[in-house]
Amino acid sequence: MAKRSTLFIRIVEGKNLPIKDITGSSDPYCIVRIDNEAIIRTATIWKTLSPFWGEEYNVHLPPSFHTVSFYVLDEDSLSRDDVIGKVSISKEALTAKPQGIDGWLALSEIDPDEEVQGEIHLHISVVGDGDVPTRLRCQVMEARDLAKKDRNGASDPFVRVRYNGKTCESAVVKKTRYPRWNESFEFELEDASADSPLSVEVWDWDLVSRNDFLGKVLFNINGLQSAQTQQEEGWFRLGPDKPKHSEQEGTLGSLRLQLRLRDETVLPSSHYQPLTELLSQSVGSHVNGNWPDLIMLIDETTTAESRQEVASNLVKLFLGQGLVKEFLDVLFKLELDKTTEPNTLFRSNSLASKSMESFLKVAGMQYLHRLLGPTISKIFEERRYVELDPNRVELREAGCTGLHRTQTEADVIQQSTTYLQSYLSELLNAILQSASYCPLVLCQVFQQLYHRVEARFPDPEYRKVKFIAVTSFLCLRFISPAIMSPKLFHLREKHADARTSRTLLLLAKAIQMIANLDTLAGCSKEPWMNPLQPTIQQGIAQLKDFITRLVSCDEAEDLGLQARMSLQCGSMEKEGYLLLHRTKDKCMPMTSPFKKYFVTLSKDTLSYARTQHSKKSSFICLPRIRAVEKVEEKSFGSANVMQIISGDDIGTLETLYLDCKSVNELNHWLSALRKACSHNTDTMSSYHPGVYKADRWSCCHQKDKADPGCDKTKHGVTLQEWYDPLDPDLESQLIYRHLLGVQQVMKEKYLELKKLHENEEGPHEKSQEKSDEVMRFFSVLQDLHEAHLAVEEEEERARNKNNFLLELQT
């Protein structure tokens with residue numbers, strides 16, 4: 001049994017942001033933090049007070065997280081980035097709205113006393129002579145992951161303990177976020193003072209300016225005295241001081257966010273096996289007509305709000321079962337049975353359409369990157385001015401110095417046509433050639449779609465419909481959106497600027513016209529696209545040729561290249577250039593130790609070489625990895641360094657440091673490695689976030705190199721990506737939760753369809769089999785529900801058992 005929390009995040013846009021630059025504008029971007037760990041940085045939107053990001057993320061979280069925060073900053077190239085404001089949302093607020101949060105949230109001013117993080121290790125006890133408690137003892141051992149308040153990337157922390165009007169302070173530990181004090185403080189305990197809380201505060205000492213607040217913990221002494229042991233020891237999360245009223249609240253602008261938290265209790269695999277088997281049987285034995293089987297019932301009862309999520313979960317489940325082609329084929333048949341007008345086929349956001357979109361993103365992203373990557377990169381690099389609409393043309397000067405002349409509108413359109421024809425021809429040729437490396441599973445799904453539509457609309461006047469059915473998914477819902485927003489499909493790290501964005505939009509429009517196989521209809525709506533008509537007409541013929549080749553795939557073909565490009569269920573691959581430093585019983589050099597390598601994460605190893613195609617110079621077996629963690633900024637002067645700690649056969653530890661280009665790249669690599677090593681058994685529970693340099697650890701100043709570590713390892717926060725391994729138990733749990741919520745609606749729909757079918761055709765043996773299958777399905781849902789109730793009862797007993805200890809900390 002496991003606890004899984006998944007947070008869907010969509011950072012949509014901002015409005016009314018304050019001016020931060022002398023140009024009268026700002027260059028805003030967002031940093032997303034889970035508790036105090038930065039996990040996402042959006043692209044910078046230049047010169048605007050109303051930025052649009054539209055970036056989506058799914059984040060896997062430990063159930064113990066507390067807060068998600070969105071910081072808006074203004075990027076500056078010459079000085080430190082200006083902080084505009086933040087939005088913080090607690091886990092309790094997210095849990096209270098299971099349907100999710102969607103709306104505008106006002107940015108608030110950032111109060112340094114509220115920006116606290118970390119934990120402190122304390123031992124609180126009541127002691128005395130004989131049986132009479134007379135003194136309160138507070139032992140302050142150490143702290144970890146404190147906020148950095150000084151320019152050196154650390155702090156100079158000390159502890160201030162207050163009780164009943166008396167204050168004591170510890171020694172100051174210089175330049176660390178992981179201090180160790182091991183000091184003890186005692187206070188007289190009187191009956192009248194029992195209601196007074198014990199306050200343990202952590203501060204950053206400063207020589208010239210005022211000390212900075214780092215966080216505090218409060219304890220209820222009444223509860224401690226009534227406890228059987230009259231003591232408590234452990235790590236306690238530092239909390240903020242009382243929030244101050246901000247006069248600027250509401251004047252810093254707003255963020256539009258979409259958030260949805262899913263907390264799941266995932267049972268052992270055996271609990272989900274009956275449900276998975278029934279769904280698989282329903283796909284394998286689907287019958288045409290109105291008889292209600294499980295897939296038909298799911299299709300009929302899934303609402304528009306939940307359709308995308310249900311489709312994604314079902315696609316992943318059937319991918320894991322090796323039945324995704326059969327599942328999509330059932331949805332194709334259901335959609336075709338309901339369609340009478342071919343022009344409307346797959347144009348709605350039905351379960352079939354949403355499932356195909358999800359399937360393409362899971363199984364076709366490698367294909368998409370190889371197909372679009374060169375053309376998209378060329379457009380970003382050339383950054384040409386392209387415009388065909390006369391109402392939008394900007395006239396510019398042309399010619400060399402001394403011979404300047406203003407371009408005419410016709411000049412601009414002619415030049416733009418030449419550029420677009422070049423990009424379009426290059427892309428069409430790439431699409432035509434891609435038939436040789438398109439993943440086999442994609443070819444097979446498009447093949448069955450093509451033949452299903454051909455059988456449903458066999459008349460000569462509908463001969464184009466089978467082609468349009470394929471292009472409606474491949475081009476209109478996959479290739480064209482990726483051209484318009486390459487960052488959202490991981491093709492680029494940043495959004496396009498206005499000029500490049502217009503070029504991409506015009507190219508996407510041309511692809512859409514080709515995908516509709518009708519140049520006249522497209523040009524009638526936007527006649528200024530007419531200059532591209534010859535290329536578009538040629539593209540229609542090329543696209544038809546491509547689809548004919550695509551749907552003629554044969555499983556017996558040579559699959560050498562296919563195997564490399566096909567979906568590898570349960571595996572994860574990632575590669576790219578990173579700066580590396582490897583240490584094994586070596587001292588850390590004072591100068592930059594990093595060298596550039598091409599790093600590849602495969603199913604079993606992490607390897608690296610000087611270039612992408614050169615021989616691998618070294619590798620680490622993934623089962624040997626003990627920890628994958630971030631490194632303190634002060635260690636290398638970079639905030640984007642991670643470390644991979646691995647062990648050999650005799651237990652010797654070796655550390656590989658990787659310097660990433662950005663916080664996004666850092667978290668992508670952290671996520672990929674943590675997920676690839678999620679089943680490792682010999683992992684570390686603590687680590688050093690610093691480096692061993694000058695005979696001591698830079699984080700906690702310990703001189704023993706073999707010291708086990710001053711911070712706990714973090715395995716919880718990972719980003720969900722298209723190449724993630726499949727998780728059958730989690731997908732089954734998500735599907736179960738949805739089906740449980742619509743169980744009553746499914747029963748009513750089942751009875752309605754059953755009655756309709758029997759009135760039309762009468763009862764027969766196949767009908768009884770399907771009826772038995774549906775009845776077993778509802779029984780399986782009930783069994784799963786009872787299993788979850790038993791788990792919840794056990795958790796409730798555990799919570800009640802620990803409530804007394806939790807009440808000690810107010």
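Q: What should I know about the model and its numbering?
A: Residues are numbered from 1 along each chain as its sequence is written, and side-chain values use heavy atoms, with hydrogens and water left out. Because the model is predicted, local features need pLDDT of at least 70 and side-chain atom pairs count only at pLDDT 80 or more, while totals for chains, interfaces and linings use all residues.

Q: In which order do the four strands of the open sheet stand?
A: Strands of a sheet pair through backbone hydrogen bonds, either parallel or antiparallel. Strands here are DSSP runs (E, at least two residues), numbered from the N terminus, and two of them pair if DSSP finds at least two bridges between them. In this structure the order is S3-S2-S5-S6, with antiparallel pairing. Strand S3 (37-41) and strand S6 (82-90) are at the edges with a single partner strand each, so one side of each has no neighbour in the sheet. Strand S2 (residues 28-34) pairs with S3 over four bridges, and Ile31 has Arg41 in S3 as its bridge partner.

Q: How many salt bridges are there?
A: A salt bridge is a side-chain nitrogen of Lys or Arg within 4 Å of a carboxyl oxygen of Asp or Glu, and the count comes to 41. One of them joins Lys712 and Glu119 (3.6 Å, N to O). Lys712 lies in strand S29 (residues 711-712) and Glu119 in strand S8 (residues 119-129), so the pair ties together parts 593 residues apart in sequence.

Q: Is Glu119 buried or exposed?
A: Buried means under 20% relative accessible area, exposed over 50%, and partly exposed in between (1.4 Å probe, protein chains only). Glu119, at 17%, is buried, whereas Lys712, at 37%, is partly exposed.
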